[in-house]
Amino acid sequence: MRVHLVPLGQVPAETLDETARGLREHAPVDAVVESARTPPDGARSSRKDAWQATSLLEWLDTLPMAGGGKVMGVTEAEIVARKGNNPTWGILGMGSLDGRCSVISTYRMRRRWENGGAPEALVRERLWKISLHELGHTLGLDHCPTPGCLMEDAGGTVKTVDRETSLCERCAQRFAESLRANAR
Ligand SMILES: [Zn+2]
Ligand SMILES: [Zn+2]
């Protein structure tokens with residue numbers, strides 16, 4: 001199955017390459033980097049410099065991609081979603097359940113506001129874990145209660161992601177089954 005990585009605005013080439021490499025390394029997918037696109041102004045959040053994740057997913061779903069497969073937006077900007085009474089809760093990524101599109105943001109992975117940011121090796125690890133998690137949603141996997149499973153609900157914090165190691169047995173099986181179904 002092909003995963004089209006779509007840079008949203010300016011995204012460093014190494015970030016895109018690392019995401020593609022990380023996905024290929026951890027799942028039998030063909031991750032390819034597409035040309036950069038600029039999301040419509042309507043997808044902007046009321047919070048400065050942030051995007052609304054659900055609006056990004058709707059817009060990404062309108063983009064035609066050769067070869068079919070899944071579409072994953074990648075942005076350096078913050079992405080937000082509604083959580084309870086907070087309409088601008090910062091998140092790491094979002095994927096439509098059993099859908100075509102997902103989006104990931106490096107903003108919380110890098111944590112530039114904290115002690116000069118996260119080390120590159122840690123950012124690389126977060127990139128593959130979070131992209132695999134969102135890809136899992138598009139493959140129909142919901143959040144998993146098993147501690148350490150990549151499909152755990154991160155709750156917007158990389159601390160959850162950092163203690164994750166791999167998909168649990170049940171999620172790994174569902175992930176593989178869904179990939180096979182998508183390949184047909
Ligand atoms: Zn999730
Ligand atoms: Zn699991």
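What follows is a talk about the metal sites and then the sheets.

Mentor: Keep in mind that this is a predicted model.

Trainee: Let's start with zinc ion (ligand 1). What makes H133, H137 and H143 its donors?

Mentor: Distance. A donor atom has to be an N, O or S within 2.8 Å of the metal. The NE2 atoms of H133, H137 and H143 lie 2.0 to 2.1 Å from the zinc ion (ligand 1), so they meet that cut-off. Along the chain the spacing reads H-x3-H-x5-H.

Trainee: Where do H133 and H137 lie?

Mentor: Both sit in helix α4, residues 120–138. They are four residues apart, about one turn of the helix.

Trainee: Why is H133 called buried?

Mentor: The word is used for under 20% relative accessible area. H133 comes out at 8%, so it counts as buried. H137 has 7%, and therefore it gets that label too.

Trainee: Now the zinc ion (ligand 2). Which residues are its protein donors?

Mentor: C144, C149, C168 and C171, each through SG, at 2.3 to 2.4 Å. They follow the spacing C-x4-C-x18-C-x2-C. C144 is in the loop between α4 and α5 (158–162), while C168 is in the loop between α5 and α6 (169–183), so this pair ties together parts that are 24 residues apart in sequence. C144 and C168 are both buried.

Trainee: How do you know that the site of the zinc ion (ligand 2) is tetrahedral?

Mentor: Look at the angles. With four donors, all of them must lie between 85 and 135 degrees. Here they run from 104 to 113 degrees, so the site passes as tetrahedral. For reference, the ideal angle for four tetrahedral donors is 109.5 degrees.

Trainee: On to the strands. How do you know that β1 and β2 pair?

Mentor: Pairing takes at least two bridges. Strand β1 (residues 2–7) and strand β2 (residues 30–33) have four, in the parallel sense, so they qualify. One of the contacts to look up is H4, whose bridge partner in β2 is V32.

Trainee: What do β1, helix α1 and β2 make?

Mentor: A right-handed β-α-β unit, with α1 covering residues 13–26.

Trainee: What makes β2 and β7 edge strands in the five-strand sheet?

Mentor: The order is β2-β1-β4-β8-β7, and the sheet is open with mixed pairing. β2 and β7 (93–95) each have a single partner strand, so one side of each is left without a neighbour in the sheet. From one strand to the next, the twist averages 20 degrees. Helix α2 packs on this sheet, touching β1, β4 (70–75), β7 and β8 (101–105), and its direction makes about 135 degrees with that of β8. α4 also packs there, touching β1, β4, β7 and β8, at about 160 degrees to β8.

Trainee: And the three-strand sheet: what is its order?

Mentor: β3-β5-β6, open, with mixed pairing. β3 (50–52) and β6 (86–91) are the edge strands, each pairing on one side only. Neighbouring strands are turned by 45 degrees against each other on average, direction ignored.

Trainee: How many bridges join β3 and β5?

Mentor: Three, in the parallel sense, with β5 covering residues 78–83. The cut-off is at least two bridges, so β3 and β5 count as paired. Among the partners, A50 goes with E78 in β5.

Technical notes:
Residues numbered from 1 in each chain as written. Chains lettered and ligands numbered in written order. Predicted model: local features only at pLDDT ≥ 70, side-chain atom pairs only at ≥ 80, totals over all residues. Heavy atoms only, no water. Helix = DSSP H or I, 4+ residues; strand = E, 2+ residues; numbered from the N terminus. Right-handed = clockwise from strand over helix to strand, strands pointing away. Donors = N, O, S within 2.8 Å, 3.2 Å for Na, K, Ca; no water. Buried < 20%, exposed > 50% of the residue type's maximum accessible area, 1.4 Å probe, protein only. Tetrahedral: all angles 85-135°; square planar, octahedral: opposite > 155°, others 65-115°. Axes fitted to C-alpha atoms, helices over the stretch in contact; angles between N-to-C directions. Contact = heavy atoms within 4.5 Å.
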